[in-house]
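Trainee: Hi, could you walk me through this one?
Mentor: Happy to, have a look first.

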Amino acid sequence: MNCNLHLTRQTVPSITVAAILDDLVEDHPELKYDYFFMTLNWLYLYETYPVLSGRWQYSENHIGRTVIPYGKMFQQLSRKIIRFEFKDDDGPYLFSLDTVNFLCCEMRLDPSSKWFDPKSKSAGLKYEFCLSLSEPRIVWIRGPVPASTADITMFRGGTTDVSKDQWDKSALYHQIPNGMKG
């Protein structure tokens, strides 16, 4: 499958782009619109710096120094909006948790079997989503991690082969208050 041909047939809805842009400008009034769209282009099509350089008329070094911090702005925005909080702090915390594998082209800088998604038999990234059952909203997103990561490993932040002290404390398992884990 030609990934670039497949990706060019899809677009990010303009209403989504406008909402993201509004939220980013609120937190970062110094934001430059061309850098925002260049980063969106890079994230969406996963183009190399030389291709972006031809398209956006900036040097490859400048693009590399620009898209990474702007991509981090996107990432920080999700953490600001999506928090593991519920209206009723006393619990019980009712939620539905699942992981989703998103197909992508093979990672060009890190080719490895860890990106292999056995369900689709393709390269992919895994994300964890948690939906509140008591109110209509997403309360948790974590990822990306390699698609080969087991769902329970992602939830816990580690495997049973290592002690709990060594598990990733940013995992959802560690965000649930003591006494509320079911």
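Mentor: Let's start with helix α2, whose buried residues are V17, L21 and L24. Buried means under 20% relative accessible area, exposed over 50%, and partly exposed in between, with a 1.4 Å probe and protein chains only.
Trainee: Which side of α2 are they on?
Mentor: They cover an arc of only 70 degrees around the axis, so they sit on the same side of α2. That arc is taken from the directions running from the helix axis to the C-beta atoms. An α-helix has 3.6 residues a turn, so residues three or four places apart point the same way.
Trainee: And what is exposed on the other side of α2?
Mentor: There you find I15, D22 and E26.
Trainee: Before we go on, what kind of model is this?
Mentor: This is a predicted model, where local features need pLDDT of at least 70, side-chain atom pairs count only at pLDDT 80 or more, and totals for chains, interfaces and linings use all residues. Residues are numbered from 1 along each chain as its sequence is written, and side-chain values use heavy atoms, with hydrogens and water left out.
Trainee: How many helices and strands are there?
Mentor: The protein chain has six helices and four strands, in the order α-α-α-α-α-β-β-β-β-α from the N terminus. Helices (H or I, at least four residues) and strands (E, at least two) are DSSP runs, numbered from the N terminus.
Trainee: How do α3 and α4 pack?
Mentor: Helix α3 (residues 33-45) and helix α4 (residues 49-56) pack at about 140 degrees, with axes 11 Å apart. Axes are lines fitted to C-alpha atoms, for helices over the stretch in contact, and angles run from 0 to 180 degrees between N-to-C directions. That makes α3 oblique to α4; angles under 35 degrees count as roughly parallel, over 145 as roughly antiparallel, 65 to 115 as roughly perpendicular and the rest as oblique.
Trainee: Which residues make the contact?
Mentor: From α3 they are D34, F37, M38, N41 and W42, and from α4 they are Y49, L52, R55 and W56. Contact means heavy atoms within 4.5 Å.
Trainee: What comes after α3?
Mentor: Y46 follows, and its phi is positive, near 55 degrees.
Trainee: New topic: is S132 buried or exposed?
Mentor: S132 counts as buried because its relative accessibility is 7%. It lies in strand β3 (residues 122-132).
Trainee: How far is S132 from F84?
Mentor: They are 48 residues apart in sequence and 9.2 Å apart in space, C-alpha to C-alpha.
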